[in-house]
Amino acid sequence: MSFKIDRGLFKYDFIDHHAVLCVPVDANLFDIRKRYLKIARRLHPDSSFTESDAQKQLGNELLSKLVNPAYEKLSGDRTRAEYILILSQIGKRLVQESTSVILNTDLGKQLADTANIDHFYKSAIAKLAQTQYDSLEQALQVIAQVSELNLVYLMRSTSKPSAPPPPSAQPKVQSGTSEPNTPKNTPPAPAKEDSIVEQYVRRAQSLIDKNQFAQAKVELQDALKLEPKNSRCHSLIAMVYLRQNQLKMAKIHFDNALKLDPNDEVALQWKPKIDKALGQQPNDHKVTSSPNNRDKQPDKSGSGGLFGGLFGGKKK
C-alpha cells in the first residue's frame, strides 16, 4: 500500500516528517522521541487499539512506511540538520511563490491571518496530535492538515513582517510589529521591522538556548550568506562551534567578529580562552597569559580545561 498526500508541504515533492509525527517544525529531540513512542504504541500490530486484521495491517504500514522513517530522519543530528536546511530553503521558496499558494483548511487560513503566530500554530498542532491516529483511515487527512499548518508557519516565519498572506487567507495578515492604528495603506515604520537576518539570529538564539546546536548552525549559516560581514552572526556561530568543542572553527568566527567589531564582548571574552586551549598566544586585544602556556597542548579529552568546567565535555 502506498500513501499519497498532496497538500501542505507534500505538494512540493517534500516528505513532511514533522507532519507525520504531528510535532512543530522547531520541536527538539526529546519531544520528537516522546511523540514517536506514543504513536508507535498506537500503531504496533500487537496494540489493543487495533482489533481487526485489516486495522492491524493498516497500522503496521503507517508505522513502517511513514512514522519510522520520519523518526529516523528527525532523530539523527546530521540527518535532522540536513532536513532543517531543506525546510528553510522551502520556506524561502514559498515566500517568493506566495501568490500561487492555495490553502484548503480553516486552520491554515486562520494561521495565515492571526497576529500571535507561534501560540496559534503550536496550540493547533498539539490539539491535532491528540487524535491524529485515533482513526487510521483518517490519519492521512490529519497529516495533510498538519503539513498545511507547517507550510503557513514557514512562510510567515521566513518572510518579513509586512509580507502579504497567501491569497486564500483573509486579506489582512497582522505582522505583530505595526501599531494597531496604522492606516491601511501605510507600511510599518522600517525601524520596527525585523530583517530576514535578524529573524535567523532570533531563531538561532532560541535553538542555542534549547541546546539544539546543529539547527542553530544552519540558521546562522543562512544568515551569513545574506550578510557575511555581520559580527553578531559570526560571534553566535562561534559560540555554537565552541559548544560543540570545535575550537578551530570557533576561533575563525571569533576572529571575524572582532575584525568587524573590535568591541564584541562575547568574542573578547572567549577568543583568548580558545587561543590558550589551542596552545596559541592571543596576540590581539592584549590578553595576558603565563609563559608556560606557549608549550601547553590543547586539552582534547573533553573532560577538563576549557570545556570540562564549562560544558562538561559533551559534544552536542
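Reader: Are Y121 and Y153 buried or exposed?
Author: Both Y121 and Y153 are buried. Buried means under 20% relative accessible area, exposed means over 50%, and partly exposed is in between (1.4 Å probe, protein chains only). This is a predicted model: local features need pLDDT of at least 70, side-chain atom pairs count only at pLDDT 80 or more, and totals for chains, interfaces and linings use all residues. Residues are numbered from 1 along each chain as its sequence is written, and side-chain values use heavy atoms, leaving out hydrogens and water.

Reader: How many aromatic pairs are there?
Author: The count is 3 aromatic pairs. Rings of Phe, Tyr and Trp (its six-membered ring) pair if their centres lie within 6.5 Å; planes under 30 degrees apart count as stacked, over 60 as edge-to-face and the rest as tilted. One of the pairs is Y36 with Y71, which is stacked at 4.2 Å centre to centre, with 10° between the planes.

Reader: Where do Y36 and Y71 sit in the chain?
Author: Y36 is in helix α2 and Y71 in helix α3, 35 residues apart. Helices (H or I, at least four residues) are DSSP runs, numbered from the N terminus. Both Y36 and Y71 are buried. Y121 and Y153 are stacked too, at 4.0 Å centre to centre and 10° between the planes. Y121 lies in helix α6 and Y153 in helix α7, so that pair ties together parts 32 residues apart in sequence.

Reader: New topic. Which residues touch the most other members of the largest nonpolar core?
Author: L62, V67, Y133 and L151 do, in a core of 54 residues. A nonpolar core is a set of buried Ala, Val, Leu, Ile, Met, Phe, Trp, Tyr and Cys residues joined through side-chain atoms within 4.5 Å. Helix α7 gives the most to this core, with 11 residues.

Reader: What is Y133 in contact with?
Author: Leaving aside neighbours within four places in sequence, the contacts of Y133 include V20, R35, I39, L62 and V67. Contact means heavy atoms within 4.5 Å.

Reader: And D275, why does that count as buried?
Author: D275 counts as buried because its relative accessibility is 1%. D275 lies in helix α12, residues 265-277.

Reader: What does the side chain of D275 make a polar contact with?
Author: The side chain of K271, at 2.8 Å. A polar contact is a pair of N or O atoms within 3.5 Å; within protein, one must be able to donate a hydrogen and the other to accept it, and residues adjacent in sequence count only if both atoms are side-chain atoms.

Notes:
Helices (H or I, at least four residues) and strands (E, at least two) are DSSP runs, numbered from the N terminus.
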